[in-house]
Amino acid sequence: MATFDFQAADRILELRDELLTGEYRPGPYTHFLIHEPKRRKISAAQFRDRVVHHALCRVIEPRFERVFIPDSYANRSGKGGHRAVDRLQEFSRRHRYVLRADIRQHFASLDHAILVGALRNLIPEDDLMELIRLILGGGADVLADEYTMQFFPGDDLFAACRPRGLPIGNLTSQFWSNCYLHALDLFAKRELGCRAYLRYVDDFALFSDSRQTLWEWKTAICERLASLRLTMHETRAQVTPVAVGIPWLGFVVFPDHRLVKARKVRFSTRRLRKRYVDYRAGALSFAELDASVGGWINHLRYADTWGLLQHVLEPFVLKTGDTPRKKRGRRFAARQ
């Protein structure tokens, strides 16, 4: 990024010329692994490539926003995870049963030919489609080691060679994921007739007052996903009463209250304790520690946490002089 910032205007013009002449080629990715809450391979594009990704999305995103369903919540302006939790709870108050499911190896499974076909419906410009193919090609093998081959009806052995996978970390990947699963959204809403349906990335939920209807919908969705060369985690996709709680985006959502998932609490507690140790050792500033604590507090305020916040933060004693006003006390718990 620093290299790009130096003489940024010249580099933007150079990038523009490459795009106009067709000489632009994406650079290699930098990869790293994260392990919380589960193992993921993150791929970071070069800064100049991220500039291209943002510019491309600014052009094509409004076209798709006009056709996306309102209850698709990931990576969209005015949506987000917490609103998806609000909407799920709203549905749980109206219906007795829920089918919650998620896509198996989602980003690693997205088929390039199917994605290009979906994008082509609203992007007639050949130059834009060529740029999209370049970006797709640059990340085609990034998640190859994360994908377990699935064969679908009609496949031959050459199906294993189909280009697939979107790098986790790209703005384009997040947006194209919504474009890819828009077909599932329309299927659930229009063909199945499910009025209480929502999706966040690859997590989705359908509500009904009939168990039988939901089981039938599950079978139909499995067949529709197969046409998209996708599968769901079938053992996780169960029809359950909403009264027992719905695991959803780090919470367990009930019709009348919400809890934070125990795994989320353990992960956040470990992370905060490590940051606190670094702070006490002088390796972390108070502002950095305060930002971490603020993010945790902001997440917890969307659930019924009762004494959880104070229990987690009680051991974290501040150093003298770090709090600007005495009335705030010397413990983070005083921020509640």
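Predicted model: local features only at pLDDT ≥ 70, side-chain atom pairs only at ≥ 80, totals over all residues.

Q: What does the accessible surface of the protein chain come to?
A: It comes to about 17700 Å², and 52% of that belongs to carbon and sulfur atoms. Along its principal axes, the C-alpha trace spans about 65 × 65 × 35 Å.

Q: How many helices and strands does the protein chain have?
A: There are 12 helices and nine strands. As for contacts between residues at least 6 apart in sequence, 69% of them join residues at least 24 apart.

Q: How do I read a sheet, and which strand order does the open sheet of three strands have?
A: In general, strands of a sheet pair through backbone hydrogen bonds, and the pairing is either parallel or antiparallel. Here the open sheet has the order 7-8-9, with antiparallel pairing. Strand 7 (246-248) and strand 9 (258-260) stand at the edges with a single partner strand each, so one side of each has no neighbour in the sheet. From one strand to the next, the twist averages 25°.

Q: Over how many bridges do strand 7 and strand 8 pair?
A: Three bridges join strand 7 to strand 8 (residues 251-253), in the antiparallel sense.

Q: Which residues touch the most other members of the largest nonpolar core?
A: A nonpolar core is a set of buried nonpolar residues joined through side-chain atoms within 4.5 Å. The largest one has 59 residues, and those touching the most other members are Leu119, Trp176, Phe204, Leu206 and Ile221. Elements giving two or more residues to this core include helix 3 (47-65), strand 3 (97-102), strand 5 (203-208) and helix 9 (211-227). Helix 8 gives the most, with eight residues. A second, separate core has 33 residues, among them Leu88, Tyr279, Leu284 and Leu309.

Q: What does Phe204 touch, leaving out residues up to four places away in sequence?
A: Its contacts include Leu99, Ile103, Leu184, Ile221, Met232 and Trp248.

Q: Is Asp185 buried or exposed?
A: The cut-off for buried is under 20% relative accessible area. Asp185 has 1%, so it counts as buried. Its place is in helix 8. Not counting residues up to four places away in sequence, Asp185 touches Ile69, Ser72, Tyr197 and Arg199. Tyr197 and Arg199 are also among the residues that Phe204 touches.

Conventions:
Residues numbered from 1 in each chain as written. Heavy atoms only, no water. Pairing = 2+ DSSP bridges. Helix = DSSP H or I, 4+ residues; strand = E, 2+ residues; numbered from the N terminus. Axes fitted to C-alpha atoms, helices over the stretch in contact; angles between N-to-C directions. Buried < 20%, exposed > 50% of the residue type's maximum accessible area, 1.4 Å probe, protein only. Contact = heavy atoms within 4.5 Å. Areas by Shrake-Rupley, 256 points an atom, 1.4 Å probe, with all protein chains shown as cover.
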